[in-house]
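The report below works through one model, moving from its sheets to its domains, its chain contacts and the confidence attached to them. Please keep the structure open while reading.

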Amino acid sequence: MTKLTINNKEYSLDLKGHETLLEVLRDHLSLTGTKTACEESECGTCTVNINGKSVLSCITLAADLEGEEVTTIEGLADEDTLHPVQQAFVDYGAVQCGFCIPGMIMSAKALLDKNPNPTQEDIEYALDGNICRCAGYPKIFDAVRKAGECLQNGTANAKVNSEKKEKFKSTMAKGLTYEEFLKLKE
Amino acid sequence: MSISTNSSENRINLNPVGKSVPRIDGKGIVTGQTKYVFDVSFPNMLIGKMIRSPYPHARILKIDTTKAQQLAGVHAIITAKDTYNIKYGSNEYFFPHTVDQMALEAEKVRYIGDEIGAVAAVDEETALKALELIDVEYEQLPFVTDVLEAMKPGAPQIHDAMNNIGVILPVNFGNPQRALKESFHVREDKFYASAAAMAALEPHVCVGQWETFSNKITLWASSQAPFKCREALAKTLKMDLNDVRVIKLAVGGGFGGKLEMLPMDFAACLLSKKAGGLPVKICYNREEEFSFSRRKHAMYYKVKTGVTKEGLLTAMTGEVIADGGAYCSYGPTVMAAAIMRIFMVYKIQHFRINGYRVYTNTPISGAMRGFGGVQSGFAIESHMDLLAKDLGLDPIEFRLKNITTPNMVTVNKMILTTNGLKECIEKASAAADWTNKHGNKNYHKTGNLRRGIGIGIAADVMGSKMYKSHESAGAIVKVEEDGSVYLFTGAADTGQGSNTALSQIAAHALGVKYERIKCKAGDTEITPFDTGSFASRVTFISGNAALRAGQDAKMQILEIIAQEYKVNIADLDLVAEEVRNTKTNTVLMNFDKALELCYSFNYGKQIIGRGSYNPKTTPIDFRTGEGNVSGSYGFEAQIAEVEVNIETGEVRVLKIWDAHDIGKAINPQSVEAQIEGSLAMGIGYTFTEDLRFKNGRVVNPNFANYRVPRSIGTPQMHSILIETNDPEGPFGAKGMGEASLLPTSAAIANAIEDACGVRIKDLPITPAKIIAALATLNDPLSTHSSKEISQ
């Protein structure tokens, strides 16, 4: 049995040995969010993340992935909230037929996790392995740039929020007036 | 992390027309939850594979399937013996003689890949093994793959057509010979536009199921035209239309390639019948997709034009020869579009161009985005620049003298009403700073790099009656008691965003927020009829149906309110979720309250709006080219700025400005996205996309060797939307999505000549061609004069 960790979930699979990660995702686990348009490492449609790096699942042997963290498009959103990259793709009109989009988003996420403030050149290089036949890329570039900004702000916001929380806790411990409580709540 | 990048989360879009609302299917796509036929799987589903000819031209002597049938796991094998041998085609209504393909060929194969049968097995591995066990005996026949050779007397006969000419299309007006003679200047050019592949990322894929006892067929198809597919299935399988249901799920791109039934669709259904009703899935791989689906016609385009001293076009003659491949497919109408598009763009009275669509033993040419207009756009718009240069005129000045105008009837009786072509040219030229850049030898000349700028213009139809006498679209707007609104449309969203645009139109027409709409599209059993996604017709034609359905539903609601409150219905309106008395300018109630009333004890009235639209056109006389093919026309001007490295011949497209008369942008973001996608496809076609054959076999059937544009090198794209508010369009909108692709190759070729003085007349434009052309210039570093290379 091969033990795989996909989207933080453990799977025990009986593999023949030659299955690619793509086959395991789509055929064994019905995780059909990951697509493929060539199965020969040319189109980028099957991109997933392994330990945060973008990887082509069509040429990755599943049996080699024990102990690695695999993330697919299904693993990005937080319950009902889209990941900022996903949200940016919707907001900036980067989506047309959508078939390349899961792979495109996984490449973009791998880039932004490493570098949330990429230059135009960084974005073009990171996405060059992902073919989009519909959109011609400008709106995809916009989405990735904006998602990067968002991730930066988000990290900043999260930091502010945690400081506020700490302050709230310590003040609560001391006791405070109702007005002070309301003010803090803001 | 709950961060919105654009605060579009929870935004409410009242009056949604004209707003860049998020795609109705956006969240499904970005999470991978949207289902394509590619993702579909059913219990006990079999996998099908096509039995294909390995030869470009051969007679089928014997097919022995005995060994394959005995293989464990094989459920069904079909050949022509299992069929009615009924031919089908894509232009049956206007060109019945071009109906020339059988779902499974019985006697002869005409290209490498031609389908003669199919197998269904428990899995792909078994199906492939079965293919190897099928013995087919062929008698190989002489074959011809070059289109010019195919036209010569004595060439191998592919069908019954004389000289392999499947379609002759003469377009003839006035007296061009005399007008040419009387012209101040006459110029002739020859161009070649190469074959290309649609290369949609989702391959052709379908699941067919034949419920054998109830005798019902369901096909889940990745289709641009489910109703067209249904018609072809019913015809070839001898079923009633209503016994065939075609369901379109999300489609991963079409670009023309998914506009007609392929033998695989037919085979999936028939295999299912033979397998006792088990569903059968057939999915192309990338090699099959490049080699055996459909491709763009390669065209030789010869054109001769006369002009007056002042630069007015007097006459045009010419000849178009198109490599049609093994069957006719959409060939006749592609030829018509390749020749007749010019009438929407230029005023010209004397004209004769003959089109020949020729059979060869190569993969089938069909409809591809631009529908013949990409090839003709390259030829005509390159030719126009050369004419302007002969006369010493600026290319823009020359075009402005000759373009069509609003409210005119063209020589072939097209009725142009709103026409923003002049504005498109002027806005694009201003944005690109044309006057300072064009012809300016000193403009950005550094080292080996030369910059140049070029223009191309175009126009396009929004619809065309291609396979039926009408091309109507229908829509239903169903308003439920809980306030949800369902739009049912037969239109096929293949990624362009028509479900979103049509939902915006329906919501706006009904008077509710966009967020209420749920869109159900492209299911032949549930949604109203629609001819499909082609000819940039959906926003205009299906949009008009959605508009009418929304308005009809609104009137039904207002009737109840008028009755209840004893007011004149003419004084009521429902706008942005509020029922208003327009006479007293007061709000009577909101939409939810209005529905409460409609569905109350006394009324109990179901609100179901209906809409139908068939554009006002006249039939085309294909013997002359006369007829008003479309209910409206869209216009377009495009300027490309390039940088040529005269040492290496490499060309970089730096920026493209695209001004487009789209009537009214229902969703500006989607309009821009369509323009950008067209430009990318146009750039790919200009430089790298070239589907090549050797002895009839595609030699570059993969993304490594058939190079589509990737992200590196994407130029800046600047869209300028010109809103001419067409009175016939829904909220003034016209169709779009193809026009921006038409002039791109010529705009780039014209810019290359401006940059370094060479004229390339055969696509694709490669560094080698530029270097060769540069070598023939006297002094490439100083001269700006042009040297042409012809094929």
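The open sheet has 5 strands in the order β9-β17-β16-β15-β10 (chain B), and its pairing is mixed. Its edge strands, each pairing on one side only, are β9 (165-173) and β10 (185-193) of chain B, and from one strand to the next the twist averages 5°.

## Basis of the model

This is a predicted model, in which local features need pLDDT of at least 70 and side-chain atom pairs count only at pLDDT 80 or more, whereas totals for chains, interfaces and linings use all residues. Residues are numbered from 1 along each chain as its sequence is written, while chains are lettered from A and ligands numbered from 1 in the order in which they are written.

Strand β12 (residues 216-221) of chain B pairs with β13(B) in the parallel sense over 5 bridges, and B:T218 stands opposite B:R245 in β13(B).

## Two domains of chain B

The domain assignment, which is automatic or taken from a database, gives chain B domain 1 (46-143 + 201-283) and domain 2 (473-613). The centres of domain 1 and domain 2 of chain B, taken over C-alpha atoms, are separated by 40 Å, and 18 residues of domain 1 of chain B are in contact with 15 residues of domain 2 of chain B. On the side of domain 1 of chain B that touches domain 2 of chain B, the elements giving two or more residues are α6 (226-237) and β13 of chain B.

## A buried serine

B:S632 is found in the loop between β28 (607-613) and β29 (633-645) of chain B. B:S632 counts as buried because 27 other C-beta atoms lie within 10 Å, the scale being buried at 20 or more such atoms, exposed at 12 or fewer and partly exposed in between, with C-beta atoms placed from the backbone. Not counting residues up to four places away in sequence, B:S632 touches B:T417, B:M462, B:F540, B:D726, B:E728, B:G729 and B:K734. By contrast, B:S632 and B:V708 are 76 residues apart in sequence and 32 Å apart in space, C-alpha to C-alpha.

## Chain A and the chain contact

In chain A, 4 bridges join strand β3 (residues 47-50) to strand β4 (residues 53-56), and these strands run antiparallel. The bridge partner of A:N49 in β4(A) is A:S54, and in the hairpin of β3(A) and β4(A), with 2 residues between the strands, A:N51 takes a positive phi near 50°.

Between the chains, 51 residues of chain B are in contact with 51 residues of chain A. The elements giving two or more residues to this side of chain B are α1 (26-31) and α18 (668-687) of chain B, and α18(B) provides the largest share, 7 residues.

## Confidence

The model scores ipTM 0.95 and pTM 0.94. Chain B averages a pLDDT of 95, and 97% of the residues score at least 70, pLDDT being the predictor's confidence in each residue from 0 to 100. Over residues 1-9 of chain B pLDDT stays under 50, and the model has 21 contacts beyond four places in sequence for them; over residues 780-791 of chain B pLDDT also stays under 50, with 30 such contacts. Where pLDDT is low, the predicted coordinates should not be read in detail.

Technical notes
Pairing = 2+ DSSP bridges. Contact = placed C-beta atoms within 7 Å. Axes fitted to C-alpha atoms, helices over the stretch in contact; angles between N-to-C directions.
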